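Hi everyone, thanks for coming. Today I'd like to walk you through one structure, step by step, so please have a look at the picture as we go.

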Amino acid sequence: MTAAAPTPSLAPVSRRSPVLVQLGGLYGLWLREVKRAVRDRGQLVGGFSRPILWVLILGIGLNPYFRGEVYGEVTFVVPFTYLQFIFPAVVALNIMYTSVQSAISVIWDREFGFLREVLVSPLSRSTVLLGKVLGGATVAMAHGSLVLVLARFADVPLTWGTVAKALGVMAMLALALTSLGIVIANRIRSFEGFGVFSNAVILPLYFTSSSIFPLDPALTRAQTRVVYPDWLVTLVEYNPLTYAVDTLRGVLIHYNQFDPRLGLLIMAVAGIVLFTIALLDFRRA
Amino acid sequence: MAEGTAPAPPIRVDAISRRFGRTLALDGVSFEVRDREFFALLGPNGAGKTTLLHILCTVLRPDSGQALIRGLDVVRQPLAARRLLGIVFQEASLDDRLTVRENLDLHGLVFGVPGALRRRRIDEMLALVELTAWADRTTRTLSSGMKRRLEIARALIHDSEILLLDEPTAGLDAQSRERIWSYIRRLRGERHITVLVTTHYIEEVEGCDRVCIVDRGRVLALDAPETLKRTHGGQMLRIVPRGDDDRRAILGRFADRLKGEAGDAILLASDDAFVEAFLADCGRRIRSMTVEIPSLETVFLTLTGRALRDQSAGESERTRAFGRRGGEHTR
């Protein structure tokens, strides 16, 4: 097969500086995650219905029972309603679902070859991973913000300042959780559904994070262990999510069970450690 | 390769070996692809073609040996090498939730093609593979032939000068296959481009400049298709003996002509005179006989003693099957 005389080599692609290439690629990968999320009906439905169920149905339904009364005697008084109490936790729940869900798409990227396309590009592995994490975290934050829209139904007054602070905490949470999701996804070879994750990772973390019931704030630590079984208190105290939710709760309804800085520290450390693990996995793969 | 004088060849592979567990996928493979050549790697599934391609496109490291893309070592300078390569993998690697244009745009971004040039290249490439009308359709809605065309277009967005295609026509119908080849031919006319394809469709490599036949991780022959046919082709008789006695008799009598055995059949080197002599002599001993005229198929038979074989599917088939069934909205 002889080809006709070729036109001389095309003007080569102008050489962008390597940093600019990485940034451009990062933007491209981030944009891809966001576009995919917007087109994913299933995920959107979950993002809307979850807060509505938890806040409007469960929250309003349980609201009247959230009293510290035992046989007419008030054991402790909390300065908020159940609806207010659960509200920040539902924000965290929505972030958690969406983060892990975005991260799990790594499995599909891997199995259906898209990952390969990126791995033969001039992007470094860390750029590829960062694009995925930032994209997933952005989508997760958007889903978390959907919950904030329900604030008025939960009697949570929002000022711009509060929202800004809450978004900051949400971003840290989303980044850490997306990294967690990717670490898990990297270790999974055969995958047949997201349900396993929601039941084995998300819900257990959520239920033991002091999200839907407070560890009685008026009691001392010793007394708490009398009211609640020991194992439960231990679980709650060892669950890192407890502290993240607590920090967010402090921002939104000004109630903390722990030092709010503890939550920030845990999220930052967990985020960095998990991202590093994910990167190491990724380099090896 | 001396710098400054003649440019380094597009692809040079030097004694590459790669082992997966106990199987030696590549066993000291060496060859060089010339500038603007249309080079085909021909071999059965499992011959090591894809492994070799993965090494060339820097996603897999060789255990030993060296692969150079225009003099750039794929292990030591992968990023620079990748800029020169346009790659079409065996399995689709498109994001099927993005549109055709978005897929191309993402590729341009990822390869650092500046905005204006990127848009121009996208339009040119869409026109080349005749997908302009589909630019804003979700990739998911394309047929597999169209997806393959889109991937070829994508591999060229960043002005790659070496195009690597892994089984570009596998799984496509005859018409789509012919179309893919016609695009590649047209591309070679329009651009300064070197093309390396792997395939196990023997009839497709007839139009290549040179064919490299690989099997079990080794290079068996490398030359222009015509030359290969002349040197290794030869006419062959494919004989199925009637029974074991007949088989033994034929094998004993024509041991010097034996080219190989494929299942029941015996392959003998032949020419017109031999056919007559054979029939007169052993006509009663055979169940069937076919005269195979020189073709790349007979070249392959001669070199490997086997016909091109097919193989079973890979590992993560379960997850994929799940995804294809409609899977999960996480996809």
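What percentage of the 331 residues in chain B do buried residues make up? The answer is 55%, where buried means under 20% relative accessible area, exposed means over 50%, and partly exposed is in between, with a 1.4 Å probe and protein chains only.

Before going further, a word on the ground rules. This is a predicted model, in which local features need pLDDT of at least 70 and side-chain atom pairs count only at pLDDT 80 or more, while totals for chains, interfaces and linings use all residues. Residues are numbered from 1 along each chain as its sequence is written, chains are lettered from A and ligands numbered from 1 in the order in which they are written, and side-chain values use heavy atoms, leaving out hydrogens and water.

Let's stay with chain B. There you can find 11 helices and 14 strands; these are DSSP runs numbered from the N terminus, with helices being H or I of at least four residues and strands being E of at least two. Chain B exposes about 14,300 Å², and carbon and sulfur atoms supply 47% of that; the areas come from the Shrake-Rupley method with a 1.4 Å probe, and for residues only the protein chains shown count as cover. Now take contacts, meaning heavy atoms within 4.5 Å. Among the contacts in chain B with a separation of 6 or more, 69% are between residues 24 or more positions apart.

Leu222(B) gives us an example to look at. This residue lies in strand β10, residues 218–223 of chain B, and is partly exposed at 27% relative accessibility. Phe31(B) is 191 residues away along the chain, yet the C-alpha atoms of Leu222(B) and Phe31(B) are separated by 8.3 Å. Leaving aside neighbours within four places in sequence, Leu222(B) has contacts that include Phe31(B), Phe39(B) and Leu228(B).

What about cysteines? A disulfide is a covalent bond between the sulfur atoms of two cysteines. Here one is counted when a pair of cysteine sulfur atoms is within 2.5 Å, and the count over all chains comes to 0.

Now over to chain A and its helices. Helix α2 (residues 41–62) and helix α3 (residues 82–111) of chain A pack at about 160 degrees, with axes 10 Å apart. Axes are lines fitted to C-alpha atoms, for helices over the stretch in contact, and angles run from 0 to 180 degrees between N-to-C directions. So α2(A) is roughly antiparallel to α3(A), since angles over 145 degrees get that name, under 35 is roughly parallel, 65 to 115 is roughly perpendicular and the rest is oblique. Residues making this contact include Trp54(A) of α2(A) and Phe87(A) of α3(A).

Helix α3 of chain A also holds Ser99(A), which is buried at 0% relative accessibility. Not counting residues up to four places away in sequence, Ser99(A) touches Ala140(A), Ala174(A), Leu177(A) and Thr178(A).

Last stop: Leu119(A), in helix α4 (residues 114–119) of chain A. Leu119(A) is buried, with a relative accessible area of 15%. Beyond neighbours within four places in sequence, Leu119(A) is in contact with Arg125(A), Phe282(A), Val59(B) and Arg82(B).
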